[in-house]
Amino acid sequence: MATTINNDVFKPTKFGGKYTVTLIPGDGIGAEVSESVKQIFKAENVPVEWEQVDVTGIETGDKHSGELFRESIASLKRNKLGLKGILHTPVERSGHQSFNVALRQELDIYASIVLIKNIPGYETRHKDVDLCIIRENTEGEYSGLEHSSVAGVVESLKIITRVKSERIAKFAFAFALANNRKKVTCIHKANIMKLADGLFRNTVKRVGEEYPTIETNDMIVDNASMQCVSRPQQFDVMVMPNLYGGILSNIGAGLVGGPGIVPGCNMGREVAVFEPGCRHVGLDIKGKDQANPTALILSASMLLRHMGLDNHANRISKAVYDVIAEGKTRTRDMGGYSTTQQFTRAILDSMEVQ
């Protein structure tokens with residue numbers, strides 16, 4: 001799953017021959033799958049030193065949450081690169097802004113990339129799925145502008161701007177061009193939100209005219225959801241506002257085997273954070289040694305390619321794919337009975353014989 005990501009804006013921090021990368025393990029299964037990545041990187045002698053920031057529980061409104069948030073921001077600003085697990089945002093925390101959203105807005109990490117692709121040897125209902133979901137991270141419904149004007153009435157503002165729509169559109173087309181993708185589909189709801197989504201749709205269409213070798217089309221989000229589960233092979237690169245991206249990323253993960261195998265990253269002009277593409281925190285299996293570390297390991301491989309460490313990335317990802325293709329060692333979500341550590345050990349063994 002080698003993917004080229006725009007990498008001409010910033011360079012990671014490197015000291016003494018090693019790169020320093022911020023590690024935010026996250027909630028739920030985050031600590032367990034992060035440990036898998038650390039074991040694999042150590043065995044592979046990857047020139048990375050982790051600067052770990054444990055923000056577990058930050059979304060529950062812990063009294064230290066502000067301090068932890070500032071520490072995370074400072075670390076990412078310093079290192080430019082991060083590997084991050086999923087952080088749990090409770091539904092009940094009224095008025096509490098998501099750490100994920102705040103992080104992306106603070107650092108202007110504006111582009112989310114989720115890779116939805118079948119893994120050879122792991123059979124799912126759909127075959128030949130190979131699509132990329134790119135979403136705008138900093139505005140739309142996730143602008144965080146909500147208030148109650150009177151009791152029983154809540155106003156939630158959706159912000160769409162031409163500047164940020166153009167920025168994510170250019171990112172999507174540049175990504176398509178760099179990765180030999182043939183088509184970019186704009187996902188929207190412009191039939192109802194004629195001004196907001198209309199602006200997004202028209203901006204993507206106009207930017208597409210600058211890329212004549214790439215086909216450009218658009219699709220209403222509810223139809224796109226149906227088309228994804230009926231004929232996902234028709235999609236290549238999809239670009240959309242934030243909310244639709246969150247929904248379609250989860251639909252996409254379901255097409256190819258679940259949240260445990262889908263990698264992703266979030267890119268800004270100065271900072272890049274690599275994390276699983278499907279936001280499933282796994283609270284129900286926390287501490288049970290049942291988690292599938294594939295998504296975070298493949299996200300870490302994307303991180304290595306972004307850093308120019310392609311040989312390490314290729315060896316690690318090949319080992320992951322070889323273990324899955326062999327079919328002897330699989331976690332519960334993949335229909336097997338192996339533990340997180342057994343799956344990790346199988347990857348390490350595969351790397352030894354390469």
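Residues are numbered from 1 along each chain as its sequence is written, and side-chain values rest on heavy atoms, with hydrogens and water left out. Because the model is predicted, local features need a pLDDT of at least 70 and side-chain atom pairs count only at pLDDT 80 or more, whereas totals for chains, interfaces and linings use all residues.

Glu 275 is found in the loop between β13 (272-274) and α8 (294-306); helices (H or I, at least four residues) and strands (E, at least two) are DSSP runs numbered from the N terminus. With a relative accessible area of 2%, Glu 275 is buried (buried means under 20% relative accessible area, exposed over 50%, and partly exposed in between, with a 1.4 Å probe and protein chains only). The side chain of Glu 275 makes a polar contact of 2.9 Å with the side chain of Lys 84, and another polar contact, of 3.4 Å, joins the side chains of Glu 275 and Arg 104. A polar contact is a pair of N or O atoms within 3.5 Å; within protein, one must be able to donate a hydrogen and the other to accept it, and residues adjacent in sequence count only if both atoms are side-chain atoms. With residues up to four places away in sequence not counted, Glu 275 touches Lys 84, Gly 85, Ile 86, Arg 104, Pro 263, Gly 264, Cys 265, Asn 266 and Ser 299 (contact means heavy atoms within 4.5 Å).

Cys 265, one of the residues touched by Glu 275, is itself buried, at 1% relative accessibility. The closest cysteine sulfur to that of Cys 265 belongs to Cys 132 and lies 8.3 Å away, too far for a bond. Cys 186 is likewise buried, with a relative accessible area of 2%. For the sulfur of Cys 186, the closest cysteine sulfur is in Cys 228, at 14 Å, which is also too far for a bond. A search of the whole structure finds zero disulfides, a disulfide being a pair of cysteine sulfur atoms within 2.5 Å.

The second largest pocket has a volume of about 320 Å³. Of the 24 residues that line this pocket, Ile 29, Pro 259, Gly 260, His 280 and Asn 292 are the closest to its centre. On a 1 Å grid over the protein atoms alone, a pocket is an open set of points with protein on both sides within 12 Å along at least five of seven lines, whereas a cavity is a set where a 1.4 Å probe fits but cannot get out; lining residues have an atom within 4 Å of a point. Grid points are joined across faces, edges and corners, and the volume is the space filled by probe spheres set on the points. Helices α1 (30-43) and α8 each supply at least two residues of the lining. The lining divides into 11 nonpolar, nine polar and four charged residues (Ala, Val, Leu, Ile, Met, Phe, Trp, Tyr, Cys and Pro count as nonpolar, Asp, Glu, Lys and Arg as charged, and the others, Gly among them, as polar).

Asp 289 is placed in the loop between β13 and α8. Its phi is near 60°, a positive value in a residue other than glycine, and Asp 289 is partly exposed at 27% relative accessibility. Asp 128, in the loop between β5 (111-117) and β6 (130-136), has a positive phi of about 60° although it is not a glycine. Asp 128 counts as exposed, at 66% relative accessibility.
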